[in-house]
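Here is a quick tour of one protein model, going through its sheets, its cores and its charged pairs. Have the viewer open while you read.

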Amino acid sequence: MDPLSELLSLLKPQSYASGGVALKHPLAIQWPYHEGIKCYAVVSGQCWLRVAGVADPILLKAGDCYLLPPGPPFSLSTDLAVEPIDFALLLASRKSKETVAITHDEGCFLVGGHFVLTGHYAAMLLGSLPPIVHIDKESDKAAMRWSLDRMAEEVRNPQPGGALIVQQLAFMLLVQALRLHSNDAMSAGVGWLAALGDKQLSAAIACMHQDPGHSWTLQKLAEQVGMSRSAFAKHFRGTVGTTPIDYLTQWRMLLACDRLKNSADSLPRIATSLGYESESAFGKAFKRVIGCSPRQHR
């Protein structure tokens, strides 16, 4: 499994809401501060996305997708001159608990989902995202078109089992958007997602993910990717924001958290599988990184 898939699997994204949002013209909707990550794409029409703290609004056109990491209030509007309506009030008026799922021939129609990440180290993923990820390249939109069209059809014409299909398609949109953004992040050269788009850094990360119990050293990792020890260390830290060995420790602890919660493996077995010679050494590393003992976490 590739590093992005592994991390998403361990962070266990849970769909908080998924479906469609339709904006008549003229209409603006304001959402409050949110946890988790929002991923929506425009099916038809266009609208403006404004995020508190970001100076300029972004025009979203048909096929465009946006990602919003946990952050401040934001709004979607078909007319920037219109005063936004609070989303909670709109939900109450429509007597809906999850989404505004209506269609109009005019205005803007979007589909997507809001996901909450429940695992440790969500910051590893979310911390690498800017306040707004806007996916608008034609080649990127083409890559997302099938899942976008399929989700729009499920929302517009509900069928038995449709709610689950919409959730899965929304998650597919999220993964596709993150994958496409990683290619753009590579050009910016900053963040964990940028590292996944870097041939040498992604190879080093894959080594650590595939064999976390190996006695990796800076020298061994540098040799794996064909770089000098100093050049590799500088490049890794400059892109990911941490040293390779610190990243390895974080990854080991993320795996440990998952196994402590979701398996009956003993502490010595978990410690050994993650490269620690004793339960005591593992426990010290776990407490330093996670903030509690392995037994307390379990």
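Which strands does helix H4 lie across, and at about what angle does H4 run to E9? Keep in mind that this is a predicted model. Helix H4 (residues 138-156) lies across E1, E3, E6, E9 and E10, and its direction is about 95 degrees to that of E9.

Those strands make up an open sheet of five, ordered E1-E9-E3-E6-E10, with antiparallel pairing. At its edges sit E1 (13-23) and E10 (133-135), each pairing on one side only. Neighbouring strands here are turned by 15 degrees against each other on average, ignoring direction. If you zoom in on E6 (residues 65-68), you'll find three bridges to E10 in the antiparallel sense, with Leu67 opposite Val133.

E4 (residues 47-51) runs antiparallel to E5 and is joined to it by three bridges; Cys47 has Leu60 as its bridge partner in E5.

Now for the packing. The largest nonpolar core has 73 residues, and among those with the most contacts inside it are Leu125, Trp192 and Phe286. Helix H10 (residues 244-262) gives the largest share of this core, nine residues. Leu125 touches, among others, Leu4, Leu117, Leu178 and Trp192. A second, separate core of 22 residues includes Cys47 and Leu60, the bridge partners met above.

On the charged side, the count comes to six salt bridges. Three of them are listed here:

| Pair | Closest N and O atoms |
|---|---|
| Lys141 and Asp64 | 3.2 Å |
| Glu138 and Lys141 | 3.2 Å |
| Arg269 and Asp265 | 3.9 Å |

Asp64, Glu138 and Lys141 are linked in a network of salt bridges. Lys141 belongs to helix H4 and Asp64 to the loop between E5 and E6, so this pair ties together parts 77 residues apart in sequence. By contrast, Glu138 and Lys141 both lie in H4, three residues apart, or about one turn of the helix.

In the remaining pair of the table, Arg269 is exposed at 55%, while Asp265 is buried with a relative accessible area of 18%.

Technical notes
Residues are numbered from 1 along each chain as its sequence is written. This is a predicted model: local features need pLDDT of at least 70, side-chain atom pairs count only at pLDDT 80 or more; totals for chains, interfaces and linings use all residues. Side-chain values use heavy atoms; hydrogens and water are left out. Two strands pair if DSSP finds at least two bridges between them. Helices (H or I, at least four residues) and strands (E, at least two) are DSSP runs, numbered from the N terminus. Axes are lines fitted to C-alpha atoms, for helices over the stretch in contact, and angles run from 0 to 180 degrees between N-to-C directions. Contact means heavy atoms within 4.5 Å. A nonpolar core is a set of buried Ala, Val, Leu, Ile, Met, Phe, Trp, Tyr and Cys residues joined through side-chain atoms within 4.5 Å. Buried means under 20% relative accessible area, exposed over 50%, partly exposed in between (1.4 Å probe, protein chains only). A salt bridge is a side-chain nitrogen of Lys or Arg within 4 Å of a carboxyl oxygen of Asp or Glu. Lists of a residue's contacts leave out its neighbours within four places in sequence.
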